[in-house]
Each structure stands twice: as structure tokens, then as C-alpha cells.
Amino acid sequence: SEAVIHTRQLRPERIDTQLVRLGFRIATFLATAWMVIVGADSMGISVTPLIAGLGVSGLAVALAAQHTIENFIAGLVLFADKPVRIGDTCQFGEHRGTVEQIGLRSTRIRGVDRTVISIPNSEFAKLRLVNFTRRDKILLRTQLGLRYETTGDQLRHVLAGLRGMLAAHSRIDHESIRV
């Protein structure tokens, strides 16, 4: 797995790197189990009761590791859907921050107050995620306070000046200007 990671120049903190390692571990485990079963069968050892026992114990392990499996599957869903990527600024629930790591069990986000929030993938995948990094435009909403004694003509002059200033700017979407 390390050779594949090195040749594809994958960063170690990325989830695809972790998936490559996990895939190789699972393949190694399955290949080893298959060799043990074939070897035992060729030596005349009955493997049917062994496989049945593994099935029952596998069910017990699966029930005990339900939350871990749920987080793992949610991590795969986050990897496939990619609602957020490492470096994206997002909002989830009441929190907002920058995604630092998406793992197989949890996602780490650095909050705007510089704290690190670690949230299990099963919870993170259920939340409403707002990805600020991928937006195509940014809404600029500014409220200007004027004095109460401002006359109607002065107000119209301020509004016309604001419209003109925004229309002259090269990075402003001219169709969405509202003053």
C-alpha cells in the first residue's frame, strides 16, 4: 500500500490514502484467510464448522462494533459525495470552521475561535453542511446608518453614488446590484 501511495504521490492525511491502506489490509486478511481455509481443507481438516463459527462470531463482532461500522460507512459516503474537502470553510449545525482532516471514523474542523472540533462521521454526514469555499458568488450585505435629519434629496444622492460605485467595480455582478 505504501508503494501505491508513494507512486501516486498521495498526501498521508487524505482519506483516499487511508482507503488505500484499508483496502490493502482487507485484501491481505482475506487472502490469508483463504489460504488457511484451503490449506486446512487440503490437510483433511473439516472447515465447515470453522466457517460457521466464524459467521456467528462475525455477527457478534458486527453488533458490538455497530457505531464504528456506522462511522466507517459515513466516512465512505463523505469520501464519495465530497460535500467538503480538506481546506474548505464550512458550517455544520451551529459551528463554522475549516476542515483539517476527514478520517474513516471522524472529521476534524478548526473552528473560527481556533479550537479543533472532532465530530464522528455518522453525525457529520447527517448534519446540514454549508460549504462556503465552493460558492460562485459572495453576497455583500452592508447596512449604512444615516442621520435622521438626512433629507430625501441627500438620501437619493447617497443611493445613486452607491449604485455608481458598485456598477464601476470590475468584480461586482452587475445584474444583482441592489441598493
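In this predicted model, the chain carries 23 positive and 16 negative side chains. The centres of these two sets are 4 Å apart. The accessible surface amounts to about 13500 Å², and carbon and sulfur atoms make up 59% of that surface.

The chain holds 6 helices and 5 strands. Their order along the sequence is α-α-α-α-β-β-β-β-α-β-α. The radius of gyration is 28 Å, whereas the globule rule gives 16 Å for 179 residues, so the chain is more spread out than a compact globule. Along the principal axes, the C-alpha atoms occupy a box of roughly 100 × 35 × 30 Å. Buried residues make up 20% of the 179 in the chain. Among contacts with a separation of 6 or more, 43% are between residues 24 or more positions apart.

Two strand pairings can be followed through β1, β2 and β3. Strand β1 covers residues 89-92 and strand β2 covers residues 95-102. Strand β3 covers residues 106-111. The table sets out the two pairings.

| Strands | Direction | Bridges | Residues between the strands | A facing pair |
|---|---|---|---|---|
| β1 and β2 | antiparallel | 4 bridges | 2 residues | Q91 and R96 |
| β2 and β3 | antiparallel | 5 bridges | 3 residues | Q101 and R108 |

Each of these pairings is a hairpin. In the turn between β1 and β2, G93 has a positive phi of about 60°. In a regular strand, side chains alternate between the two faces of the sheet.

Residue S106 belongs to strand β3. S106 has a relative accessibility of 15%, and because buried means under 20%, S106 counts as buried. Leaving out residues up to four places away in sequence, S106 touches Q101, S118, I119, P120 and N121. One of these, Q101, is also the residue that stands opposite R108 in β3.

Residue H174 lies in the segment that follows helix α6, which spans residues 152-168. Its relative accessibility is 46%, and H174 therefore counts as partly exposed. Beyond its neighbours within four places in sequence, H174 is in contact with L166, A167 and H169. R163 is 11 residues away from H174 along the chain, and the C-alpha atoms of the two are separated by 9.8 Å.

Methods: Residues are numbered from 1 along each chain as its sequence is written. This is a predicted model: local features need pLDDT of at least 70, side-chain atom pairs count only at pLDDT 80 or more; totals for chains, interfaces and linings use all residues. Side-chain values use heavy atoms; hydrogens and water are left out. The radius of gyration is taken over C-alpha atoms; the globule rule is 2.2 Å times the number of residues to the power 0.38. Buried means under 20% relative accessible area, exposed over 50%, partly exposed in between (1.4 Å probe, protein chains only). Contact means heavy atoms within 4.5 Å. Accessible areas come from the Shrake-Rupley method with a 1.4 Å probe; for residues, only the protein chains shown count as cover. Lys and Arg count as positive and Asp and Glu as negative; His and the chain ends are not counted. The place of a charge is taken as NZ of Lys, CZ of Arg, CG of Asp or CD of Glu. Two strands pair if DSSP finds at least two bridges between them.
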